[in-house]
Amino acid sequence: MAIIFDLDGVIVDTTRYHYLAWKKLADELGIPFTESDNEHFKGVSRRRCLEILLEIGNTSMSESEFESCLVRKNEDYLVYVETMNEEEILPGVPEVLNHLKQRNVPMALGSASKNARVILEKVGLLSYFQAIVDGTQVTAAKPDPEVFLQAADFLNAENEMCIVFEDAQAGIEAANKAGMTSIGIGEKEILGHADYVFTDFNEMGIDWLNDLLEKAG
Ligand code: BG6
Ligand code: MG
């Protein structure tokens, strides 16, 4: 078996930082933007997030303005990223990563973020992953399965032998399309399409994960 982890909302708690950076831009553009709108931004590329924001505001902008908004949002986001440390790692993650490393289970990151490497470095987890597939490498964003298919390729694993941890609806859809086992981390009401859902890694527990790995052989 091989395991592919999403980053934002699964390994690190960056959702609030993304939200605050988008909220600032939305305020500047005079577009109403709430935390529940932010749910649709999870797992989705930066570009697609801005498109959704403009849809919410029922407005449009020139391509050059669009590009400059993407840059501004990311600059604001990176100010938060700069302050990140191990405290932003989500509950139970270090235990799961250490356990899988001990068992020699191949691990990859499959994230839509173009900031994935810098964030993993900031929180000291870069060395756990044999492969990192992020927003700089994929052409089709989640819910397209490309990011997970590339990760499986790097790990030399059959799709059916991959387990994906995701916090976003778009990510669960991508994992399911890839024929992988999808495990949602978050709210059951939101991630109902996943094969399994847990509030966090502590609720899942390492014994449960071991059972799943044993069953798959
Ligand atoms: C995903 C987040 O992991 O990365 C999305 O869930 C975000 O909210 C996307 O838009 C792209 O991130 P970045 O860091 O490249 O702007
Ligand atoms: Mg995520």
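Ala, Val, Leu, Ile, Met, Phe, Trp, Tyr, Cys and Pro count here as nonpolar, Asp, Glu, Lys and Arg as charged, and the others, Gly among them, as polar. On that scheme, the shell around ligand 1 has five nonpolar, six polar and four charged residues. The model is predicted.

**Surroundings of ligand 1**
- Ligand 1 is surrounded by 15 residues.
- The closest of these are Asp8, Val44, Ser113, Lys114 and Asn115.
- Domain 1 (2-12 + 86-216) and domain 2 (15-81) each supply at least three residues to the shell.
- The largest pocket is the space that ligand 1 takes.

- The side chain of Asp8 has an N or O atom 2.6 Å from an oxygen atom of ligand 1.
- A polar side-chain atom of Ser113 is 2.7 Å from a ligand 1 oxygen atom.
- At Gly43 the contact is made by the backbone, with a polar atom 2.7 Å from an oxygen atom of ligand 1.
- The protein buries 97% of the 400 Å² that ligand 1 exposes when taken alone.

**Backbone features**
- Most residues other than glycine have a negative phi, and most peptide bonds are trans.
- The peptide bond between Lys142 and Pro143 is cis, with omega about 15 degrees.
- Pro143 lies in the loop between β3 (131-133) and α7 (146-155).
- Asn104, a residue other than glycine, has a positive phi near 60 degrees.
- The loop between α5 (93-102) and β2 (107-110) holds Asn104.

Note on methods. Residues are numbered from 1 along each chain as its sequence is written. Chains are lettered from A and ligands numbered from 1 in the order in which they are written. This is a predicted model: local features need pLDDT of at least 70, side-chain atom pairs count only at pLDDT 80 or more; totals for chains, interfaces and linings use all residues. Side-chain values use heavy atoms; hydrogens and water are left out. A residue is near a molecule or strand if one of its heavy atoms lies within 4 Å of it. A polar contact is a pair of N or O atoms within 3.5 Å; within protein, one must be able to donate a hydrogen and the other to accept it, and residues adjacent in sequence count only if both atoms are side-chain atoms. Accessible areas come from the Shrake-Rupley method with a 1.4 Å probe; for residues, only the protein chains shown count as cover. On a 1 Å grid over the protein atoms alone, a cavity is a set of points where a 1.4 Å probe fits but cannot get out, and a pocket is an open set with protein on both sides within 12 Å along at least five of seven lines; lining residues have an atom within 4 Å of a point. A molecule sits in a cavity or pocket if more than half of its atoms lie within 2 Å of its grid points. Domain bounds come from an automatic or database domain assignment. Helices (H or I, at least four residues) and strands (E, at least two) are DSSP runs, numbered from the N terminus.
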